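Good morning, and thank you for coming.

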Amino acid sequence: MAAREPSRYLARALPRTSVPSIRPQGFLSRRNVSDEAPARRLSDHLTELESASSLSTTVPESAAASFDPLARAAARKNQLPRGRYQFRSPKYNRGPLHPHQPPPPSHPSSRLFVPGPFSAPRAEQTFDSTVSPDIMTLCYVHTPPGFKPPPKSARLREWDDSSPYHKNRVLRGPRGGDVLRLLRKPIKFNNIPEIERITIHSYVKNAAAERNSSWLHVAGIAVQAISNVRVETFKSKSNVAPWGIAAGRDSVAVKAELYGENMHHFFGKLVDVVLPRIKDWEGVKGSSGDSSGNITFGLIPENVALFPELEINYDMYPPKMIPGCHITLHTTAKTDKDARLLLSAMGIPFYGKIVN
Amino acid sequence: MSSGSNGARRVASLLRPSIIDSGVCRSCQETLGRRSYSSAAPAIESTSASTAADPAVKPAYIINAGVVLSRPPQITRELEPFEKAFFFYQKRLNERLALPFTKYFYFKRGTPADEDWKKKIQERRTAARDIGKYNAYDSDAWNDELLLGAKESEPEHQIEALVQDAESTANATSQDTSKKEEIPRPYPRITEADKKNDQKSLDRLLSRTLYLLVQSKEGHWKFPSSPVESGETLRLAAERTLAQSAGVNMNTWFVGFHPVGWHSFNPRRSKADNATEIEAPGSKIFFLKSRMMAGQADLSVNTQGLKDFKWLAKEELAQYLNTQYYSNIKNMLADR
């Protein structure tokens, strides 16, 4: 019985190719896409690509002239349903299982959407075209073939086991202090230092005086005007008796953090407009910096007033209330030396003893 | 161990037959041979082969120092059509999402500026001056896309709109009505040198990097270059080359001490050389990068027999340079 009917079991056991198929197998007449590929040259594919941008495509004059979206909308008899065309993001996040999900923050209908960029800033273009190749050339270190860098000692030191209590003790910090410096890797094409963000911070010492909040308001508006970014306010962390400031009670400082396009525009204005007009300004102090690539300097109120946004309607700000500020340039450099190399190439002068 | 033996040891290390690849230059061999204080001294291999016994005569090369003198871009680049459209779209989107302009903070009631503002907002319909006639709070605010052929997204149009707005404000608010205020326009992006295609001018192609090319007395174009003399570093040779070829009437800055690229070539053997069996040495040119700050190239005092010079952008270099030369140098030049 089993020997008579082998076909069903055999068909399962054998590989797929040897199983007789119902369909006729016309090997010769079959055409595959891959068969034709070698016959086509690369240039044939290139002709399929559009040579010009779709934005510069020519459209017949009549089609362009007759298209009037406003008239079309007015001529429509039945108005389109509103909800279908104006999606509203949910106000509250009700969890991943709720049917009404918010769109991603990059979508214009999201509540978190921030439009932009609006321009290609000059400072960024200068960095890309001129400064970054120069920094890469300047920071090049030649290592001949076969060069092996000398072994580096461990960043955290071992205990010398002179005492039995050294067992399982956490490792010692570096010599000369407890601060573990950032690791500086050789600067190559993929880690050229660049400006990461700029922080504008202004501490208003009169903020708590005579219970007058206008000092802080003016400082916030001025910093907002020069930075194009909403400011954050901060309460004092310490008591300052002469100024009547109590810790945790008085808001005394404003801060704006600039990224991307805002940052590059601010940096451009600073370097090209404000800093050259400061009288008797020697530059940024060479000892400034937090030894991990961030450089800070200060501007007094007269210098802040040189920003074009404040200068254009200087009269609108109450007299003597324009604040001074500290500007921190955060770079992706790991040491102050590299950060200074970048910033001086971008147009910020340094003076005095250079401390790296 | 006395310190005096240090120099002697260095000399000995130079005299010692090199255990390292002979393709490494002498200063680098010194770097490789130097041992750190913590490591043990390497065992010196006893090599029987002496340097004199090397029978294969390698073709010698003349080492040249070349200068890639460039004038960096002076103005921003032209925006792509997509970028123009995208930036404009984002501006109108911002207008829709931002809070409306607070007029009362900026204009006091009854002042000439306030009157001027009222007139402007009537015709412009928005506070922004560079997004065309568009009111983001209107019932037809959905119609925010530009139609075909619209000029609003062009930077030139936006600049013109800003300047005209400033002019009309200045005229409306000034005391003296007889005189017409003129707001200076920005200088054009296309200069006279661009129109005449003056390739010796530094005012041409302001948004691009220009490179100095010189023509040798044989008639071929190249970057300024000359052989390194004995006892001269590459950087010193490059500085000397630049002074000897394009004059000293330039404020230049050499970027670092390392070459950014190199080109080597072997001369074709002529018939006379075939007879004498003397191989003419080839040349290797190592290019150092230099930036132009001010001045202009001047060939009248050059001692290298140069005939002509040109300031050219990257694409234009290909027309003047030898194919092999260009393919060796093109990757060290900036895109813009």
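Ile221(A) lies in helix 8 of chain A, where helices are DSSP runs of H or I with at least four residues, strands are E runs of at least two, and both are numbered from the N terminus. Ile221(A) counts as partly exposed because its relative accessibility is 38%; buried means under 20% relative accessible area, exposed over 50%, and partly exposed in between, with a 1.4 Å probe and protein chains only. Together with Phe101(B), Phe105(B) and Tyr106(B), Ile221(A) makes a nonpolar surface patch of about 350 Å². Patch residues have over 30% relative accessible area and no salt bridge, with like charges joined within 9 Å and nonpolar side chains (Val, Leu, Ile, Met, Phe, Trp, Tyr) within 5 Å. Areas follow the Shrake-Rupley method with a 1.4 Å probe, and for residues only the protein chains shown count as cover.

Please note that this is a predicted model, in which local features need pLDDT of at least 70 and side-chain atom pairs pLDDT 80 or more, while totals for chains, interfaces and linings use all residues. Residues are numbered from 1 along each chain as its sequence is written, chains are lettered from A and ligands numbered from 1 in the order in which they are written, and side-chain values use heavy atoms, leaving out hydrogens and water.

Which charged side chains meet? The structure holds 32 salt bridges over all chains, each a side-chain nitrogen of Lys or Arg within 4 Å of a carboxyl oxygen of Asp or Glu. In one of them, Arg249(A) meets Asp250(A) at 3.0 Å, N to O. Arg249(A) is partly exposed at 44% relative accessibility, whereas Asp250(A) is buried at 10%. Glu83(B) and Arg77(B) also form a salt bridge, at 3.0 Å. Here Glu83(B) is buried at 17%, and Arg77(B) is partly exposed at 28%.
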